[in-house]
Amino acid sequence: MSPIISVSHLSKVYGSGFRALNNINLDIRRGEIFALLGPNGAGKTTLISIICGIANPSEGSVAIDGHDIIKSYRAARSLIGLVPQELHTDSFETVWATVSFSRGLFGKPKNPAYVEKVLKDLSLWEKKDSKIITLSGGMKRRVMIAKALSHEPQILFLDEPTAGVDVELRKGMWEVVRTLRDAGVTIILTTHYIEEAEEMADRIGVINRGEIILVEDKAKLMDKLGKKQLKLHLAHKIDAVPPALAHYHLVLSEGGTELIYDYDTAGERTGITSLLGDLRNAGIRFSDLETSQSSLEDIFVSLVRAP
């Protein structure tokens, strides 16, 4: 299946000479949730702005379902809904009026039934006659999504969709995003909340200093770069790791009561069985043990710190 978004050799250089994007190549699959991660200033918003036709590239091309974003601007842009990071709404308009108006901006005929469905899907129906100025921050964010969906786009960009939203509303927003994906909408989101990408994304792209440094299925990324850790709670405090155990590269906790062993789950052998045997031979007993998997945040930090 051909990608719904295809970015080829895309670069952006500003008049000052600053290169915000450098030779970006990226394909987004139809119907997936794609999370774009990167530190501040990495180029996330610039990339989204060019794909959505808000900014022009210096080099390269972008195709939206086969439509060039510059040569076939109207056709390409009609397929895209964009929810920007900043809340731009008509404060004194009602929810119903502003969503209906957004639909008209794209030349779509009136369709009250569709607008009603969007508002109900986003739990906004009871607020349809409320002025936006009276809504909470989380509700305003939902109105922004409703506006972006008003013209029935196939692709939805969410730039920091849960910024400033409390944890409970954030989880509710995740459910909304999954519902949209299940309805066939392709979702591209940028986020500073790593757990958001870990919770929702099918694939993850990492951008740093204007370059895509990794694109991978989330599960494969976790398997490939995630490490597991075994923590042994010792029955008795020790002052140092015995030399006979040096090849395990164990880390002794500050209090001398825990040993930490990192291992690769992708390897043929984890070394845990031999470690436990060697600990026994060294006279070290433990009262409990636990394992943990490195998080997506750990992986992200290691990637952007890499030279």
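Which backbone oxygen lies 3.3 Å from a polar atom of the side chain of Lys-218? In this predicted model, that oxygen belongs to Ala-201.

Start, then, with Lys-218. This residue sits in helix 8, which spans residues 218–225. Lys-218 is buried, yet it has no salt bridge. The nearest side chain of opposite charge is that of Asp-202, and it is 6.6 Å away. The backbone of Ala-201 does come within 3.3 Å of a polar atom of the lysine side chain. Setting aside neighbours within four places in sequence, Lys-218 touches a run of residues: Ala-197, Glu-198, Glu-199, Met-200, Ala-201, Asp-202, Arg-203 and Ile-204.

Next comes Leu-279, in helix 9 (residues 272–281). Its relative accessible area is 1%, so Leu-279 counts as buried. Beyond its neighbours within four places in sequence, Leu-279 is in contact with Leu-232, Leu-245, Leu-259, Ile-284 and Arg-285. Ala-244 is 35 residues away from Leu-279 along the chain, and the two C-alpha atoms are separated by 9.3 Å.

Now turn to the surface. Phe-101 lies in helix 3, which covers residues 95–105. Phe-101 counts as exposed because its relative accessibility is 51%, and the cut-off for exposed is over 50%. Together with Leu-105 and Phe-106, Phe-101 makes a nonpolar surface patch of about 320 Å².

Note on methods
Residues are numbered from 1 along each chain as its sequence is written. This is a predicted model: local features need pLDDT of at least 70, side-chain atom pairs count only at pLDDT 80 or more; totals for chains, interfaces and linings use all residues. Side-chain values use heavy atoms; hydrogens and water are left out. Patches are made of residues with over 30% relative accessible area and no salt bridge: like charges are joined within 9 Å, nonpolar side chains (Val, Leu, Ile, Met, Phe, Trp, Tyr) within 5 Å. Accessible areas come from the Shrake-Rupley method with a 1.4 Å probe; for residues, only the protein chains shown count as cover. A salt bridge is a side-chain nitrogen of Lys or Arg within 4 Å of a carboxyl oxygen of Asp or Glu. Helices (H or I, at least four residues) and strands (E, at least two) are DSSP runs, numbered from the N terminus. Buried means under 20% relative accessible area, exposed over 50%, partly exposed in between (1.4 Å probe, protein chains only). Lys and Arg count as positive and Asp and Glu as negative; His and the chain ends are not counted. A polar contact is a pair of N or O atoms within 3.5 Å; within protein, one must be able to donate a hydrogen and the other to accept it, and residues adjacent in sequence count only if both atoms are side-chain atoms. Contact means heavy atoms within 4.5 Å.
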